[in-house]
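Thanks for making time this morning.

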Amino acid sequence: MKRYQRKRIIVCFNGVLPHGGLVDRLKGIVSYYEIAKCLDYDFYIQFDDPFSLDVFLESNVLDWKIKRKEVQYHPTKTKIIYTVNNFNINPLDSIKKSNAETFLIYANIDYLKILHPNEASAFLEEKWKTNFNELFKKSKLLESKLKGIEKDKYICFHTRFTTLMGDFVDTTSLILNNTEKDKLINQLQKEIQVITESSNHKCYAFSDSIHFLNTIKAKEDINLVKGNPFHMDNFKNDDNLEGHLKTVLDFFMISESEKVYFLKIGKMYHSSFSKYAAIIGGKPFEIITD
């Protein structure tokens, strides 16, 4: 195995195990990029499952691309670090203590608060945004798709149901009955009416439930981005690129809105998708709950 002049961190999304959705993956990437900067290590991203990341997000300041054949394991020179859903560690410590030359990372957590425990939220959000922009720029494909959606200013709201509406495949399994679905949508509608009445801008809705989107569109003056919600972790073994494009378009549409609202009522899922989109765009973010 080739001996590298500098130690290197490689964040892997290669289909070996479940990695999470788009924002979970970005959390892992940004966290370990911050660690690489702290330690002055080389940094790479192996993101080729269920699609190649650079179809949508290309390298910007740093060239992080690496081919699968370049990611090899050596019993003494390589260390695999698995921190998926592990909130209770300082990942910087485990890397500093190791003599390995290459670190293969599987992660989905934002560790910036742990890496910078004395800093305020505003500092951490600005650092997250800076790291993201150093790593990524929109591909021409993504730019062209975004350009054709909306020219006017808009606000937006985001909801995350996972399986509650019975129309989205996820790691959860709870499905509400029809009465519970109608009650929840009616509760959300009241909150949405308050949001739209407080703004002079048009409003976009983003959600993982096509049932909710179609229902609220019929009830309120709401705009939608075409396409069906789709989980990046490929639960149906579907490599439809259009489905993944929808997720990325939603993320950047939210980032470019004037204000972002996240609605969570009852058994709905607490998602950070819209929060991180708002961070990327430097936009106001508000959580509305019951």
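Let me begin with C12, which is buried, with a relative accessible area of 1%, where buried means under 20% relative accessible area, exposed means over 50%, and partly exposed lies in between, using a 1.4 Å probe and protein chains only. Please keep in mind that this is a predicted model, in which local features need pLDDT of at least 70, side-chain atom pairs count only at pLDDT 80 or more, and totals for chains, interfaces and linings use all residues. Residues are numbered from 1 along each chain as its sequence is written, and side-chain values use heavy atoms, with hydrogens and water left out.

C38, by contrast, is partly exposed, at 44% relative accessible area. The sulfur of C12 has its closest cysteine sulfur in C38, 20 Å away, which is too far for a bond, and a search of the whole structure finds zero disulfides, a disulfide being a pair of cysteine sulfur atoms within 2.5 Å.

Now the helices, which, like strands, are DSSP runs numbered from the N terminus (helices H or I, at least four residues; strands E, at least two). Helix α4, residues 121–135, packs against helix α9, residues 273–281, at an angle of about 75°, with the axes 8 Å apart; the axes are lines fitted to C-alpha atoms over the stretch in contact, and angles run from 0 to 180 degrees between N-to-C directions. That makes α4 roughly perpendicular to α9, since angles of 65 to 115 degrees count as such, under 35 as roughly parallel, over 145 as roughly antiparallel and the rest as oblique.

Finally, four strands form an open, parallel sheet in the order β2-β1-β5-β4, where two strands pair if DSSP finds at least two bridges between them.
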